[in-house]
Amino acid sequence: MVSWPQWLSLVALVPLVGAVTTPAVSRGRSRVAALWALGVMTVTSFAALMLILRVAREGPFSYPFGGWKSPIGIEFRFDEFSASIGIVCLVGWLAVLYSQRYVEHALEEPRIPYYYTLLLLNFTGMIGFAVTGDLFNLFVFMEILSLSSYALVAISGERTAEMAGFKYLIMGAISSLMVLFSIGLLYASTGSLNMADISSRIGDGAVGPIPLAMALAGLTVGFMVKAALFPLHIWLPDAHAIAPSPVSAILSGLVVKTGLIGILRVYQIYYGAKVLDLSSLNTMLVWLGAISIVMGAFFAIFQEDIKMMLAYSTISNIGYIVMGFGLASPYSVIGGSVHIFNHALIKATLFLAAGCLIHKTGYRTLYDLRGVGKAMPLTTAALSVGAISIVGIPPTAGFLCKWYIALGAFEAGQPFFGVALIFGALFIFVYYIRMVNSFYFRQPVHPEFLEVGEAPASMLAPVLILASLCLVMGILGRIPLSFIEPAAHRLLAPLGG
Amino acid sequence: MGAGARPPYTNPIPQGLILTGIVVAVSTTALALSLIIRIWKQCGTIEADELREMD
């Protein structure tokens, strides 16, 4: 059962087929569309679980489409980094469940089935991106993901949402073009599209360094835009804050991580080939990561809108992960990779909880939401757990990854960045304290919402599940760390680490 | 391939890639244009300067 090879193709095909059939199956009935999307995600999650169990037991494996072996055919390749589809399925499933009640208010009725279509397409893009072994396939999945994200940001049909979606689209389209040109460049100089094959062909030394360096630059910058690393983050705050809350959770928790998986794939190609010295790229990424951490936190302090604050906090956390990759020591790469997973949990908790508050009270600034802790104790508690996790206070999910990245900084002989990381955490602490303070310890400005009560169960349950996972993953944090360890060592092995 | 086919052959892969690239670019353009139309309907302008003043 576990090693049935077709799981690997099904994990991307099931949500794709589910997405395009949603409008036909539901025929305008939003309830049917929600159930259908939930069913599709359940099957996908099961397939993802099988794949993750198999990679934990046997290590990486691949599936050639149509029986054409690589490098001739297209192959899906599943390694430990691909296991990020597990968090895509988990958060995706919960977000679909949460959407059911949320979109009743937030969207016009006829748009709802298409909303689920876009959500499922979005998951298809992310899953396909993480499991494919073919560079062009990677681009196609990235575009499925990007196009559905632009549409999801704009879906509420409000003026600001459409403007934010358009801004996102322009930035995203430019970055996609860069990635496409770089893929073309790599294909022209190596004659292959399979990532492992490209890596070995580059390693043979038949290709001059200039096209390789240009492709590297294009891919890195393209994926940096997708990941919203400073200074290419300008599209993120608007898009993430204005989108409907379940979409914000997906965009912030999962979609930006696709850019990071992309950067990891680039590293896999170039580290393995050993023809370019990547240390200057790494130095740049570490610095940009550090600047992202500080700038994201700095801007977040001045935000009044709760979702805007969370969106800036995503920039900080992307900074942590990129810094982890750039430091290129085993500890920091493990910490960064696991933070992809943990940050998705934490940010989804925060955005979904914030969505509950907005859904029930109708307010979204810290000032208006003062004293909401008395009205909605469970949601606010979940929000606080998320806040503690993201600051990185033990024993929550955020602590271990940041600890590992800091250890990595010391291991790599760059203790300055370890200090920057702790300094950034303090900054982040400041604005989350502001949030918790305003929810619990201030007198309500709008006393009428003290009567509203908690959000419906289908919205509250995902928030509570995610919040408890934030705590559980802090205690069981060794499991993902030891799971990702072989992949990190394999990635860094050519460096002699 | 017919019996009379003789090299040089055309590499089909770049053609497949370009075709896919065109499809992707057309869809992106379609989405961008429809967003522009929606923005124009709601704001009555698509001048970036005037839109910035509205925010």
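The lining of the largest cavity has nine nonpolar, three polar and one charged residues, where Ala, Val, Leu, Ile, Met, Phe, Trp, Tyr, Cys and Pro count as nonpolar, Asp, Glu, Lys and Arg as charged, and the others, Gly among them, as polar. The model is predicted: local features need pLDDT of at least 70 and side-chain atom pairs pLDDT 80 or more, while totals for chains, interfaces and linings use all residues. Residues are numbered from 1 along each chain as its sequence is written, chains are lettered from A, and side-chain values use heavy atoms, without hydrogens and water.

A cavity is a set of points on a 1 Å grid over the protein atoms alone where a 1.4 Å probe fits but cannot get out, and its lining residues have an atom within 4 Å of a point. Points are joined across faces, edges and corners, and the volume is the space filled by probe spheres set on them. Three cavities of 30 Å³ or more are counted. The largest has a volume of about 100 Å³. Of its 13 lining residues, S84(A), V88(A), L254(A), K257(A) and I261(A) are the closest to its centre. Two or more lining residues come from each of α3, α4, α10 and α13 of chain A, and α10(A) gives the most, with five.

After α16(A) comes G413(A), with a positive phi near 75 degrees.

Notes:
Helix = DSSP H or I, 4+ residues; strand = E, 2+ residues; numbered from the N terminus. 1 Å grid on protein atoms, 1.4 Å probe; cavity = no way out; pocket = protein on both sides within 12 Å on 5 of 7 lines; lining within 4 Å.
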